[in-house]
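Hello,

Here is the structure I promised to pass on. Please look it over; my notes follow.

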Amino acid sequence: MWFKFGDPDFEALFKTLTNTKLCNSMKKCVKFLHTGALEALHCAKLKHLPKRKAFTMDTTIVMLMLAAIEVEHNKGLTATTKTKTKVSFSRAQKQYVLKNDKHRDNISFKKAILAVVEGNIKEKVKLQLEL
C-alpha cells in the first residue's frame with residue numbers, strides 16, 4: 001500500500017518517522033550488537049587454547065575450528081545434563097553436605113571429533129588451509 005503525498009496517513013507516518021526523539025534513539029539502537037554468540041566462541045576458544053601457552057598457527061586454526069564446531073553443536077541442544085552428587089564443606093552450616101552437581105554431557109561429541117582427527121593423523125592427511 002502506497003501513500004500519496006497529501007494524505008493524512010502519510011503526514012502521520014512522516015511526523016512519526018521524523019520525530020527527533022525517535023531518530024536519536026535509533027542512532028543508539030543501530031550501534032547495539034548482542035555478543036552472546038561471540039562470547040560463547042571466546043569461552044570455548046579459551047578452553048582449548050589457554051593464553052598462557054604458545055601454539056603454532058596451524059594448531060591455533062584447528063583448535064579455533066574445534067571451538068566453533070563445539071559452539072554450533074551446543075547452540076541447538078537442549079540442556080541434557082547429568083547429575084552427580086558430591087560432598088563439599090558448607091561454611092554456613094559448618095559441616096559437610098551433599099550437593100547435586102549438574103553438567104552438560106558432550107563427551108560423546110568430542111570423542112567423535114577426536115576419532116576423526118586421530119584417523120587423519122594415522123593416515124597422515126595434511127590439513128588444507130586456504131588463508
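Is the crossing of helix 3 past helix 4 left-handed or right-handed? Helix 3 passes helix 4 in a right-handed crossing (the near helix is turned clockwise from the far one by less than a right angle).

This is a predicted model, where local features need pLDDT of at least 70, side-chain atom pairs count only at 80 or more, and totals for chains, interfaces and linings use all residues. Residues are numbered from 1 along each chain as its sequence is written, and side-chain values use heavy atoms, without hydrogens and water.

The helices are DSSP runs (H or I, at least four residues), numbered from the N terminus.

In helix 3, Ala40, Leu41, Ala44, Lys45, Lys47 and His48 make the contact (heavy atoms within 4.5 Å). Their partners in helix 4 include Met63, Leu64 and Val71. By class, this contact has nine nonpolar, one polar and three charged residues (Ala, Val, Leu, Ile, Met, Phe, Trp, Tyr, Cys and Pro are nonpolar; Asp, Glu, Lys and Arg charged; the others polar).

Best wishes

Conventions. Helix = DSSP H or I, 4+ residues; strand = E, 2+ residues; numbered from the N terminus.
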